[in-house]
Amino acid sequence: MKKFIVSLVATGLLAFAMGLVLPWWSISIAGFIPAFLIPQKRYFSFLSAFFAVFIFWGSFATFISVANDHILAHRISILVLKKDDPNLLILFTALLGGLVAGISAVTSRSLSILIRK
Amino acid sequence: MKYFIFTFFLLVNIGLIIVLDTRKVLPLPLGKFLSVQEGIWRNAEPVDKNFNEDVKVTGLNGKVDVYFDERLVPHIFAEQENDAFFVQGYIHAKFRLWQMEFQTHAAAGRVSEIVGDKAINFDKTQRRTGMVFAAENALYAIEQDPASKAAVDAYTAGINSFINTLNTADLPIEYKLLGYKPEKWTNLKTALFTKQMTNNLAGYDRDFEFTNALKVLGEENFRILYSDLPDSLYPVIPKGTQYKANDIALNIPATADSLYFKRTDTIQIAEEYKPNPANGSNNWVVSGTRTKSGKPILANDPHLGLTLPAIWYEIQIKTPEYNSYGVSFPGIPGVVIGFNDSIAFGFTNAGRDVKDYYQIQFKDDSREEYLFNNKWEKANQRIERIGIKDSKDVFDTVSYTVFGPVTYDKSFKTALTDNQSYALRWVAHDTSNILKMWLLLNRAKNYDDYLNAIKYFNVPGQNMMFASKSGDIALWQQANFPLRWKDQGLFVMPGIDSSYMWHGYIPQEQNPHSLNPEQGFLSSANQRAADSTYPYFIPGSYEVYRAITINRKLNEMYNVTAEDMQSLQNNNYNVFAEEARPILLQYVDKSILSQDELKYLTLVENWNLQNDPNEKGTVCFIAWWDSLHANVFSDDLNMGEIPLIKPEKFVLLEALEKDSAFKFVDDKRTPEIETLVMQVTSALKKASTQLDSLEKENKLEWGKFKNTTVYHLLKTNAMAFARPGLLNGGGNGIINASQHDHGPSWRMVIEMTTPTNAYGVYPGGQSGNPGSKFYDNFIDKWTKGEYYKLWVMNDNDIQDKNVKWKMSFTSN
């Protein structure tokens, strides 16, 4: 459990920090590094990275969107999801971010296992 | 196995990032697009955003403070005039950068770079029309004038100093949507903007359609169907005005009868990107003799395509020399429509034809040499490189003749034959500096200053309305208007020699004008400038009916207030229907109508002639009249086969008022002779079919039928950024010229009291960002026909409660 939380927090912090200077796909690196260093079962690696970025993107998007009275989220949800639903757009955003970080974490863990053999 | 697992996840990982980072699989790079750190979320502006900022820039000579009021209108206070333009550029870019670049890309024929090959024909049309050539000529003239050059240099520097602050995350949302980045602004882009506006206002032309109509109808019938001189004309310049005789001899070429009036070919050019002929406007001014305050009141509402971000941006510019307020075009410096402490100015489109085509005879397919005055002249060939998103560049060669660019030849319009090449002579190509007019108008103090300013304006022809606090009212129809013999330029002209060229321009002082007329008011609404006593040939595309209502109303108005003028701008009375309805009702044969058809007839009969949003009569009337128009003319003008254009609606109305046996009423395609009764009745029957389906969709009420929509500039590609379904009245030929996606793009009423009593509203908002509450916040007020009181800020208002935010600009 401790490893899970450490991975999660590390991924989240890395994602935020790298996002300040690197393009959006740096969340993938943020998922990769802790998963490589912290040995967990593959699906735990996935989940810790997934939730890290899910929480990061989800809460950040919520924070922004609430301050915006969801003006933009209304419009973009129509554009992207063909449905006027700001909350769904926030959820979708969080899921995408989580998925990218999670898959990267699994890849990383697989590599780690491969190398240590 | 472990290798396999790793490889599998690695591929999934890479694949996922490629899918989410590019447009190869999905239409949007969803990862990049939705990233909270660089994607669209960064464009979601907090509703309580604080716009206070201290900005350090390079290039200012003094200090500039910008105060924003609660509508986000900037009030720029500058110690130096050019600093004001620098900051105007910065502010325009801060709030409207994407539209500025998109509109100037469109002007330059560079849309394919952004949206891909679907825009190639548009881009080619722009290039072949010589838009960039025109802008280069304008820029040359601007840079010849030190004051203009300094103003535009400062404006451009301001825009670029904003662009330099941008990183990926800050880009306007449209860049993220379409996947590109802004480039540096240049003075040429400012010139391009003026040319795009010129094309919108003086780019409508019917030479090819008229040439075809002449061939199909013959000269006599052509003149009946395409007259531009209605009996009901209420010209811009009051009837009875004496004009100085035209003493310039204009010789009709010897070949006019054979080569010009009796052409035998038809021309297969369907112009896809014609500007909307409804691009127009209303303006009027009432002198102090007719107002309650005893001071003039000026009103203006320019009718353009309604877009988000809006074409207009409200602004106040205060320098030691002047204090102007009004709307500006993001893309050029200064206030374009507005007022200062002494005068007010507004514009409507003149609609005059300043664009003619000449048929060119090239030596061969290389189009390098053309016959002119019995010699082979060398054409300047301009090679146009059209960049295309995700694809290779396309090249197009445009030959420039003594007339101008060859817009149409068989390399562009494949239906054209070898000898069908058409060069464009257009006033917009001339070297001139129209920006200077605005630079001078912003600081004008009286009629003489105004008169001096407008002389710099050569195109697009405008009715320039003027009022001063000292009590003068005036109007000039101003531009360089070609000096032509009668009927010159209605049709495509022979271009093998100089005999059909324009004879220069009508002398400026002969342009139609009026100063302090006895009637105590002046108005213009895109109608013909003058009646037939004006001693020059002035063809054009003119509106008839708004002018009638405006003049009728103003004639009977005294003790006028600014509120009266506001309600006049929102007047929905349909004066065309007032004249046309009696014909429909008189000639319809009720005995052969079904229950449904009678129902629609009754709706027309009981209609109050107002184009109000809840009126069903409006929709029934329009459907009925349009159907009659088609019944009468569709046999004579088989629109499908060759490019033709419908006769104006006044033509049919006035013909039927004079003679119910108007010779076009009969359908030539049937052996029997159709009477007006038969045509009016059958028109109602046909219209009823359409009205039945509208009723089923609950769209019989005018407002619902019209469905007023302010589209985003990307049109139907970005409906999420549009505002559809606005319920308002008005329409074509109505003072409130609000059509489906076109209409009053800015409504302004200025009373020349001290302090100035000013009102305005436009269907948009000060921010171009769809994620801002200031994106479309004026629209509801505009829809209801309401106005904002315009706040002219003074030096001692710095602590005023209207000031919400402040940006300070200093040089670093």
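**View 1. Strand β26 (residues 747-751) of chain B pairs with β27(B) in the antiparallel sense over five bridges.** Strands (E, at least two residues) are DSSP runs numbered from the N terminus, as are helices (H or I, at least four); two strands pair if DSSP finds at least two bridges between them. A hairpin of five residues joins β26(B) to β27(B), and B:Ile750 stands opposite B:Ala758 in β27(B). The model is predicted, with local features requiring pLDDT of at least 70 and side-chain atom pairs pLDDT 80 or more, whereas totals for chains, interfaces and linings use all residues. Residues are numbered from 1 along each chain as its sequence is written, chains are lettered from A and ligands numbered from 1 in the order written, and side-chain values use heavy atoms, without hydrogens and water.

**View 2. Strand β27 (residues 757-761) of chain B is mostly covered, five of its five residues being buried.** Buried denotes under 20% relative accessible area, exposed over 50%, and partly exposed in between (1.4 Å probe, protein chains only). B:Asn757, B:Tyr759 and B:Val761 point one way, and B:Ala758 and B:Gly760 the other. In β28(B), B:Lys789 is the bridge partner of B:Tyr759.

**View 3. A salt bridge joins the side chains of B:Glu81 and B:Arg443 (2.2 Å, N to O).** The pair links helix α3 (residues 81-107) and helix α13 (residues 435-443) of chain B, 362 residues apart. A salt bridge is a side-chain nitrogen of Lys or Arg within 4 Å of a carboxyl oxygen of Asp or Glu. B:Glu81 is buried at 15% relative accessibility, while B:Arg443 is partly exposed at 28%.
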